[in-house]
Amino acid sequence: YIVEVCHIPCPLDCKLSEWSSWSACSSSCDSGLKIRSKWLREKAFNGGRPCPKLDLKNQVKMTLCFLFTTHHL
């Protein structure tokens with residue numbers, strides 16, 4: 001008999017990065033925004049689970065930041 005090796009690629013699911021660290025506050029005083037994001041690391045392949053649509057709702061997180069200054073008289 002004859003043996004022949006075959007290679008059938010397995011499905012690979014989409015892979016997204018973890019959330020990045022929070023950015024610095026967008027303002028140097030009063031209030032501003034801090035942002036963190038995630039991005040595509042690996043596209044789905046061979047029937048793997050596709051990535052969610054990356055838009056502002058699920059790719060970027062924002063939070064308010066407050067910077068207070070004290071005034072000495």
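I began with Cys6, whose sulfur lies 11 Å from the closest cysteine sulfur, that of Cys10, which is too far for a bond. I then read the accessibility of Cys6, and at 61% relative accessibility this residue counts as exposed, where exposed means over 50% relative accessible area, buried means under 20%, and partly exposed lies in between, with a 1.4 Å probe and protein chains only. I found Cys10 in no disulfide, the nearest cysteine sulfur being that of Cys6, 11 Å away. Cys10 is exposed as well, at 55% relative accessibility.

I noted the basis of these values: this is a predicted model, in which local features need pLDDT of at least 70 and side-chain atom pairs count only at pLDDT 80 or more, while totals for chains, interfaces and linings use all residues. Residues are numbered from 1 along each chain as its sequence is written, and side-chain values use heavy atoms, with hydrogens and water left out.

I next turned to the bonded cysteines. A disulfide is a covalent bond between the sulfur atoms of two cysteines, and the rule applied here takes a pair of cysteine sulfur atoms within 2.5 Å. By this rule I count 2 disulfides.

I looked up the pair Cys14 and Cys51, which are joined by a disulfide with an S to S distance of 1.7 Å. The torsion about their S-S bond is about 100°, so this disulfide is right-handed. The pair links distant parts of the chain, 37 residues apart, with Cys14 in the segment before strand S1 (15-16) and Cys51 in the loop between strand S3 (40-42) and helix H1 (56-59); helices (H or I, at least four residues) and strands (E, at least two) are DSSP runs, numbered from the N terminus. Cys14 is buried at 13% relative accessibility, whereas Cys51 is partly exposed, with a relative accessible area of 27%.

I then went to Cys25 and Cys65, which form a disulfide with their sulfur atoms 1.9 Å apart. Here the torsion about the S-S bond is about 80°, so this disulfide too is right-handed. The pair links distant parts of the chain, 40 residues apart, with Cys25 in the loop between S1 and strand S2 (30-37) and Cys65 in strand S4 (residues 60-67). I have Cys25 as partly exposed at 21% relative accessibility and Cys65 as buried at 8%.
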